[in-house]
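I want to look up a few contacts and pairings and jot down what turns up.

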Amino acid sequence: MIERTTNQKAWWLVLPVLVLVAFNAIIPLMTVVNYSVQETFGDNVFFWEGVTWYTEVLHSPRFHEALGRQLMFTFQILAIEIPLGVIVALAMPRKGILVSVCLVLMALPLLIPWNVVGAMWNIFALPDIGLLGRTINAMGIDYNFTQQPGAAWATVVLMDVWHWTSLVVLLAYAGLRSIPDAFYQAAHIDGASGWQIFRYIQLPKMKRVLTIAVLLRFMDSFMIYTEPFVLTGGGPGNATTFLSIDLVKIALGQFDLGPAAAMSLIYFMIILLLSWIFYTVMMRDEDQK
Amino acid sequence: MAEITLRNLRHSYLDIPLSDADYALKKIDLSWQDGGAYALLGPSGCGKTTLLNIISGLLEPSEGEVLFDNTNVNALAPEQRNIAQVFQFPVVYDTMTVYQNLAFPLKNRGMGSSEIDRRVKEVSGMLGLADILGKRAAGLSADNKQKISLARGLVRPDVNVIMFDEPLTVIDPHLKWQLRSQLKQLHQRYGFTMIYVTHDQTEALTFADQVVVMHDGQVVQVGTSEALFETPEHTFVGHFIGSPGMNVFPCQLDAGGVRIDDHHIALDVSPATTHGTDGNLELGVRPEYIHIDPSGMPVEISAVIDVGRYRILDATLGRHSFKIYCPEGVEIPQSDVRVRFDPRHAHVYIDGWRLAGGAR
């Protein structure tokens, strides 16, 4: 019989991680919670406010508008990027040297730092010197994203599509590549049309990667900050002020730490809730097995 | 149903094949009788799947013809050839129910819904899928999925041939037997032509009436399991069929037989003398036909492997090592072991191909 020593020494091994997580996540998050229920005028003097800030944020038209813009933006880019990504992935070659070429080209936008993307598009879209801006104006369309809210919105959407469709393409392509040839061969023997092959073989097999793509694009686009901040700064007016831009304005521009903290937590809860809904809905069929 | 003939078939995956080695199929002339159960047996990479895909029309052969009932079908697409194929990994349409899976090929061919219903019910009954017709195909076990792939072929009226590409690879061992015997029953009852690709000799020998053995892009022998065992036409067949495989010794022709080093073995080698003896001569004899006999040739036994009901002896004759099958009840002498090759079951091969020997 082997004598087994039982003690709790192993907990010490967990300690570094615990400390790291505490300083990384728990302490900052709790600080935010702290701010969200108190009022401060500096000098580390705090007054208890309860849920005042939460009520204020939830009833503020400014928050509603930013949230509305945010939802609309996310909906639009998902509606464009997911189908577009799938179409591009379907059109990509399956073998040969072109595969590597395509993959590198696709990965390029993903490797560019976000503020550089914003700066690039800012210059690219300027009506007087930018290639895009000048071209559009030369075609007789009055376009100036620094002054027209519609133009600014369209530019931000276009920039995001340019920046992130590649991610969907790469994921969808990986999904497509994992389908064994036998599926296509069987479909040919069964006399399936191209659309049927897509509908009954490719789409179901891509479902898991597309779920990941939708979740990633939802979370990232819902938190978008850097690129529109560099491109439009949230303007003109508030036309492209999304939740994160508004949050920074409140927290660092106006220094209203209480409302900003409350808004952060509400923002966080919305992302968590929507992600959960997306995941549950898209994975619903899997559970029926 | 149709008779399938392959005429002068060659195939290369390269656009411009330069030498014989560039061909996945070297030269195939073969005829599959209507209603036969064939197995296509060979090691991985010998061209079995290529041959299958050429028959089904998924691949177009570089040279030669594929004939269904003497009609050239080279130009026909898979769906026009009216064939069915079951693949190594079960192919089902995940989002459809079992019923929809079975109905899919019929719908695509524009069949009326009452006819579809009748056929789906019939085939699902045949394969024991009737209880799960309403279930989603995605969640089923591998053997049921494989049955669905088969059923999608059977459901179509008058299929020319059903081809199986190692269909039991992913099936549990105890279900393999069940599925295989079910297939055999179906074949006996409905008489469709079946071609069954496998690299497992037991699977091939128990399933098929005729086994086609392939090696390195060529068909080396077509025959019943008995013929493959008793009269291997190529040393490869001798190696590949049987466990352990046939023993092969380099030999020379001799008056009234062959000689291995100094040992004369009496054998009817008359066809060899007329054929000429240019090339590499070998004597092949299965371990089952080497008997311990005090009047035979002296050999060394290096190991005795007890496999339960029989023993396999590792032996050497001069420089040549070989195996002997030793059934229960046969004594192995402690020293001076002598063996005799059964002349009715010894074959002479020239460059791998059988020349003479054996009882015909």
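Which residue forms a salt bridge with B:Arg354, and how far apart are the closest N and O atoms? I looked it up, keeping in mind that this is a predicted model. The partner is B:Glu233, and the closest N and O atoms are 3.5 Å apart. That passes, because the cut-off for a salt bridge is 4 Å. I then checked where the two ends sit: B:Arg354 is in strand E21 (residues 353-357) of chain B, while B:Glu233 is in the loop between helix H7 (225-230) and helix H8 (235-240) of chain B, so the pair ties together parts 121 residues apart in sequence.

Next entry, helix packing. I picked helix H3 (residues 61-91) and helix H12 (residues 257-282), both of chain A, which pack at an angle of about 30 degrees with their axes 13 Å apart. Angles under 35 degrees count as roughly parallel, so I note H3(A) and H12(A) as roughly parallel to each other. Their crossing is right-handed.

Which residues meet there? From H3(A) I listed A:Phe63, A:Leu67, A:Gln70, A:Leu71 and A:Leu78; from H12(A) come A:Met263, A:Ile266, A:Tyr267, A:Ile270, A:Leu274 and A:Phe278. The contact divides into ten nonpolar residues, one polar and no charged.

Over to chain B for sheets. I found an open sheet of four strands with the order E18-E17-E16-E19 and antiparallel pairing. Its edge strands are E18 (320-327) and E19 (337-341) of chain B, each pairing on one side only. Direction ignored, neighbouring strands are turned by 55 degrees against each other on average. I zoomed in on one pair: strand E17 (residues 310-317) of chain B and E18(B) run antiparallel over eight bridges. In that pair B:Arg311 stands opposite B:Cys326 of E18(B).

Strand E1 (residues 4-11) and strand E4 (residues 63-68) of chain B pair in the antiparallel sense over five bridges. Here B:Thr5 stands opposite B:Leu67 in E4(B). E4(B) and strand E5 (residues 71-72) of chain B are antiparallel and joined by two bridges.

What does B:Asp69 do in the hairpin of E4(B) and E5(B)? B:Asp69 takes a positive phi near 50 degrees, and the hairpin has two residues between the strands.

Methods. Residues numbered from 1 in each chain as written. Chains lettered and ligands numbered in written order. Predicted model: local features only at pLDDT ≥ 70, side-chain atom pairs only at ≥ 80, totals over all residues. Heavy atoms only, no water. Axes fitted to C-alpha atoms, helices over the stretch in contact; angles between N-to-C directions. Parallel < 35°, antiparallel > 145°, perpendicular 65-115°, else oblique. Left-handed = near helix turned anticlockwise from the far one by under 90°. Contact = heavy atoms within 4.5 Å. Nonpolar A, V, L, I, M, F, W, Y, C, P; charged D, E, K, R; others polar. Pairing = 2+ DSSP bridges. Salt bridge = Lys/Arg side-chain N within 4 Å of Asp/Glu carboxyl O.
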